[in-house]
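Take a look at it first, then read on.

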Amino acid sequence: MKQFSYLTADSFEAASKALTDSGNAVVKAAGTDLLDLLKERIVEPDEVVNLLRVEQASGTGVVSALATLADVAADTAIAEDYPALHKSAAVAATPAVRNFATVGGNLCQHTRCWYFRNESFPCFKRGSAICPPLEKGGQNRYNAVFSHERCASAHPSNLAPALIALGAKVRCVHPEGGRTLSVEELYREPRNGRIGDTVLRKGELIRSVHLEPSALTRNSTYLEFRERHSFDFALVSVAAAVRLEGSKVAEARIVLGAVAPIPYRAKQAEQALTGKALNAETAQAAAEAALAGAQPLSQNAYKVPIAKTLIRRALMELSS
Amino acid sequence: MSKKKLRLGFEGKEKTVDVQVPDGTPDPWGTDAKLDVVGKDHTRVDGVLKVTGRAKYSYDVHPEAMIFAKLLRSPHAHARVVRVDLSRAKALKGVLYTEGQEGTVVHYPGQHVAGVAAETEEILDDALRLIHVEYEVLPHVVTVDAARAEGAPPVLERRNKNVFRERGRGDGDLDATEAAHKQADVVLERTYTTQIQTHSALETHGCVCEWKDGELTIWASTQGTFSVRDSMARALDVPQKKVRTITEHMGGGFGAKFGIRYWDRFCAKAAQMTGRPVRYLLDRKEEHLVGGNRPDSRQVCKFSAKKDGTLMGADVRSWGTAGTSARAAGVFNPGIYKFRATYKETYNVLTNTTEGRAFRAPRYPQGVFALEGMLDEIAEEIGMDPLELRKKNDVHSVRLAQYEVGAKQIGWERRNERPGSGKGPLKRGIGMASGLWHHTGRRGSAVRCRVDREGSVTLSNGAQDIGTGTRTILAVLGAEELGLQPQDITVRLGNTDDPPGPASGGSTTASTLGPAARDAAWQAKQVIREAVADARGGDAGKLDFKRGKVVGAPKDLSFQQACGLLGEAVETLGRWHKGRNYPRFEEKVAGCQFAEVEVDVETGHVQVLKIVAVQDCGRVIDPLLARSQINGGVIQGLSYALYEDRVMDPGTGDMLNANLLDYKIAGSREMPEIVSIPFTVSNGINSVGMSGLGEPPTVPTAGAIANAVHNAIGARVRSLPITPDRVLQALGVI
Ligand SMILES: Cc1cc2nc3c(=O)[nH]c(=O)nc-3n(C[C@H](O)[C@H](O)[C@H](O)COP(=O)(O)OP(=O)(O)OC[C@H]3O[C@@H](n4cnc5c(N)ncnc54)[C@H](O)[C@@H]3O)c2cc1C
């Protein structure tokens, strides 16, 4: 990696200021994503600002951006009120990574696309006009099946689909003033020359995640499919939350991970379900609706049936 | 020479043969040998050192003032290196040595174009980026299909084609095979493919080099301490006696670490030029790119059989690539079973990828995957139990017995009579496959045994322990002869100042050094016997060494007391001699494996639940160690069957998954229950009766898993690795 100076911030505000003032500084939480990017020279900052020592936000329904995935998985209140969040954290990565990786870092982590992570390839996110997975011969088995007109990256985060399904918000810090965004608003389609997938401005940091318990959030779940259980990212993940009124679905939120450059909200599936009884048939119909618009690439058609299976299984879990 | 009787075989199938035992060597052990230490479980003599981190690997060697070296590698699969500008790298503070390969042509991604040695790894990293290389990019092909295509660019300038027929002794007879097909009731033609697997040893390739007073010491991560010494001496044009290799412990090799590679030479050269010790151990990316790999294969198989299960013809045409090497991409298929006639055409295909290397049972796992798949397909076609089909066409007496053991352990009767008939989306299935290997040893190896007057015993040899447990095996054999326990024996390995040993290849190290160690300890015992008889009276030949005592003299002595009667320390040299081999019970080592899997037919996920591995390795010296070897073979075979796959980008010719996240190796949660059953056979071969075990247990695993997957889902995946994608394709879901 390129050599850089290292600053440990003592508050979010100080960190945000240092990042805003500096030319190309980057922020590091646990560094499980950032270090790889530094080593591969995908980012080459002159300064790294360490966030691990800042004071953390707390309170009910508040998850600090610096909470580890293991903290989230171990929190019994979260398990009760937000099963989707609990599960997404509990199965993420490996025990060692979970013990270290943070919530904020998880939301802001970068795609695992192997072209993106190898500087010798061109990449749309890194400023090229070309996205190799979309080219002839491109090796795209792990790439997106939706929204891949210009960049076929798949979004890697477990937590993001869960938090979107739960209607969570993030509280952000910036010298020009803080703001609150829904997790859904946090993401936007890839931009040429921008490696990240969030709308965060230069120097803007996530301080905390905010959740409100409801019948919807309590009846939620998260399922993922991995090729290798020990040590891998999801090939497809689904977070679903359903509020039942009597036997009918009053509200449904279904979000897929790893199928598009950013978390993919399956609105057609939500609509297909709303007002219906939740059973094997409607779950299957919702799954079909969710994937109806999928446009698999040359090597990733298999993601489609897997996604359908996960949606159906997740919904059936929520039907009783 | 003296004539002796030797009992060979295994329980229920024994025979007695006459053997000539050369003078001055121990009697060979038969089935009736009464052994105290051999054949019992012993933990590794170096286990504590390893788990406490005190074992010294090449990575742990840090001579004072050590610096670091690294090569700059081409991102292009094929290019002319027009210009290498080292000036900016040279100007960087802390850079001590540089070289460039201007004017050369690189033929695979990762081929070196320049090199640097620097004070720290950080400076090194920066320096490499300051080297400016101008390439003239040439057309490349990185897959077999592309290399075989009409009008494909030649991979190597000096050769005008990419496809080379390899001819071998076992190529068979096309006419006879065609005739056999004609007489058969069923003829099946199927294509099987296997992927490229990189060795991915935990310890990467490389070494630390230090020159002192004109002598070079190389701490190398190698399977061939002596070949490293000899090839380095040749490369640097210095006498062999001025070069020493040390490999005290080793973090795996799997066949990719023989002799020196360019980086080792560069390391030694940089050490020579700078006068500083230099370390060059590859990083993980380099390891994937240039360390080595198992060639891939496309096997077009035409097999035939009679309705009663008699195998008739087998015709196999195979294509595979060992990168820029036009050798060694063949497959072991057909084999194992008796066919009326067989025919083979083997094509090695050049590609612009790094050279293939020997990989744990080269040619076997890929060939057996296709062979055993074909056997199952024939069994299904003629409506015969797949195991019955194998029994009918197998003549190996050991494997025939192993089939019974394995079938009982897995519960063969539980398999789906109709493949894919299980209820629900999670479907279980059971399958099996066979394997075989050779009995070998390497000429010219010797083990020294030194026993001093205080009774401490050291066995030494210059070969290294690749991780299979050679050190422990020598301790067990020495202990057996001298009536001691393994921990009483010091085994020194991995220093070429000690007597010569084999390179660890072909599963030969233990089976070469084991008999030599026994021979050495036995000779030492004769000297101690004489000393005891001289001092205490009695018949030297009658003295027995048991449980730390020497018995049979007028009064029992402890081993230490007996050694105290020596005039001076004893030093003997035991050898492995081809000429002293004994007749064999069976010519080849046999094994078979049974797998049970669970497949989610809605996601394509395969979970292996259980593997039963029954494996012969001649006499089992330490069953605990043997089971560990078998487990290792099964684990690597499972990983090959389901996960590992080198992915090249056809466009740029570069490797996409040169790390351990995207190059997927099975981890703890992919592990099934593994029932490893070492199957002891008294096999003659040598005075111990032992054979190799490093390679054979990885041969059948992929075939057994693939057959179990078929039994579970009723559809066949004919390509490795068996990914969710391929399972769903086989099922017709996509
Ligand atoms: C082997 C392995 C397997 C993995 N498997 C999974 C998996 O299955 N599912 C999954 O979801 N993830 C997985 N991950 C990714 C892992 O969860 C993330 O890397 C981790 O959560 C990132 O957190 P961090 O604290 O290490 O972030 P860092 O690496 O420190 O930062 C990541 C990015 O976020 C930015 N950032 C960090 N904190 C903030 C903040 N508060 N505000 C704004 N920006 C911030 C950084 O600048 C950087 O760009 C895996 C990682 C590994 C190494």
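The questions and answers below walk through selected features of chain B.

This is a predicted model, in which local features need pLDDT of at least 70, side-chain atom pairs count only at pLDDT 80 or more, and totals for chains, interfaces and linings use all residues. Residues are numbered from 1 along each chain as its sequence is written, chains are lettered from A and ligands numbered from 1 in the order in which they are written, and side-chain values use heavy atoms, with hydrogens and water left out.

Q: In the open sheet of seven strands in chain B, which strands stand at the edges?
A: The strand order is β5-β7-β3-β15-β12-β13-β14 (chain B), with mixed pairing. Strands are DSSP runs of E, at least two residues, and helices are runs of H or I, at least four residues, both numbered from the N terminus. Two strands pair if DSSP finds at least two bridges between them. An edge strand has a single partner, so one side is left without a neighbour in the sheet; in chain B these are β5 (95-100) and β14 (243-246).

Q: By how many degrees are neighbouring strands of this sheet turned against each other on average?
A: Axes are lines fitted to C-alpha atoms, for helices over the stretch in contact, and angles run from 0 to 180 degrees between N-to-C directions. For this sheet average, direction is ignored. The value is 20°.

Q: Which residue in β7(B) stands opposite Ala69(B)?
A: Strand β3 (residues 67-73) and strand β7 (residues 112-118) of chain B pair in the antiparallel sense. Six bridges join them. The residue opposite Ala69(B) is Ala117(B).

Q: At about what angle does helix α3 of chain B run to β3(B)?
A: Helix α3 (residues 121-130) of chain B lies across β3, β5 and β7 of chain B. Helix α7 (residues 262-274) of chain B also packs on the sheet, and its direction makes about 30° with that of β12(B). For α3(B) against β3(B), the angle is about 25°.

Q: Is His132(B) buried, partly exposed or exposed?
A: His132(B) is in strand β8 (residues 132-137) of chain B. Buried means under 20% relative accessible area, exposed over 50%, and partly exposed in between (1.4 Å probe, protein chains only). At a relative accessible area of 41%, His132(B) is partly exposed.

Q: Leaving aside neighbours within four places in sequence, which residues is His132(B) in contact with?
A: Contact means heavy atoms within 4.5 Å. Arg88(B) is 44 residues from His132(B) in sequence and 8.3 Å away in space, C-alpha to C-alpha. The contacts of His132(B) are Arg83(B), Val84(B) and Asp85(B).

Q: Which residue in β27(B) stands opposite Ala446(B)?
A: Strand β21 (residues 446-451) of chain B pairs with β27(B) in the antiparallel sense, over six bridges. In β27 (residues 570-575) of chain B, the uncovered face holds Glu571(B), Leu573(B) and Arg575(B). The residue opposite Ala446(B) is Arg575(B).

Q: What is the phi of Ser200(B), about?
A: Most residues other than glycine have a negative phi. Ser200(B) lies in the loop between β11 (197-198) and β12 of chain B, and counts as buried at 14% relative accessibility. Its phi is positive, although Ser200(B) is not a glycine: about 50°.

Q: Where is Pro334(B), whose peptide bond from Asn333(B) is cis?
A: Most peptide bonds are trans. The bond from Asn333(B) to Pro334(B) has omega near 0°. Pro334(B) is in the loop between β18 (311-320) and β19 (341-349) of chain B.
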